[in-house]
Amino acid sequence: MSTFNVNLLIPFPSSREAEIVYQVLRVDAEPSRSISKSLKLDNNLLQIEISGTEERKVRVAVTSFFDSIILVTKTLQLFGPPVSNYDYY
């Protein structure tokens with residue numbers, strides 16, 4: 001049985017923005033056992049690997065991931081650039 005892999009490198013304007021996106025997206029586990037998703041953070045680059053044994057499920061996982069990343073980046077744009085530390089409390 002073949003394994004289908006999708007590897008993505010997504011750059012962000014700053015390492016802080018990449019970290020926020022990473023922290024938000026890493027908690028979402030794939031619901032299907034035939035799909036695996038790996039996220040890694042390297043400065044301002046988010047590295048994603050999605051793999052699975054069924055081509056259709058990999059396509060759906062990639063589409064879902066892009067929907068999530070678009071939502072997170074639009075939210076970051078809406079609320080402005082992130083601050084480097086939190087001293088609000």
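Two strands count as paired if DSSP finds at least two bridges between them. Helices (H or I, at least four residues) and strands (E, at least two) are DSSP runs, numbered from the N terminus.

This is a predicted model: local features need pLDDT of at least 70, side-chain atom pairs count only at pLDDT 80 or more, and totals for chains, interfaces and linings use all residues. Residues are numbered from 1 along each chain as its sequence is written, and side-chain values use heavy atoms, with hydrogens and water left out.

**The sheet**

Three strands make an open sheet in the order S1-S3-S2, with antiparallel pairing. S1 and S2 stand at the edges, each with a single partner strand, so one side of each has no neighbour in the sheet. Neighbouring strands are turned by 15 degrees against each other on average, direction ignored. Axes here are lines fitted to C-alpha atoms, for helices over the stretch in contact; angles run from 0 to 180 degrees between N-to-C directions.

| Pair | Residues | Bridges |
|---|---|---|
| S1 and S3, antiparallel | S1: 4-11; S3: 45-52 | eight bridges |
| S2 and S3, antiparallel | S2: 35-42 | eight bridges |

Some partners can be named. Phenylalanine 4 stands opposite glycine 52 in S3. Leucine 9 has glutamine 47 in S3 as its bridge partner. Lysine 40 also stands opposite glutamine 47. S2 and S3 form a hairpin with two residues between them. Asparagine 43, in the turn, has a positive phi of about 55 degrees.

**The helices**

Contact means heavy atoms within 4.5 Å. Helix H1 (residues 15-25) lies across S2 and S3 and runs at about 155 degrees to S2. Helix H2 (residues 55-79) packs on the sheet and touches S1, S2 and S3. The direction of H2 makes about 155 degrees with that of S3.

**An aromatic pair**

Rings of Phe, Tyr and Trp (its six-membered ring) pair if their centres lie within 6.5 Å; planes under 30 degrees apart count as stacked, over 60 as edge-to-face and the rest as tilted. The structure holds one aromatic pair. The rings of phenylalanine 65 and phenylalanine 66 have centres 6.3 Å apart and planes at 70 degrees, so the pair is edge-to-face.

Buried means under 20% relative accessible area, exposed over 50%, and partly exposed in between (1.4 Å probe, protein chains only). Phenylalanine 65 is buried, at 3%. Phenylalanine 66 is partly exposed, at 34%.
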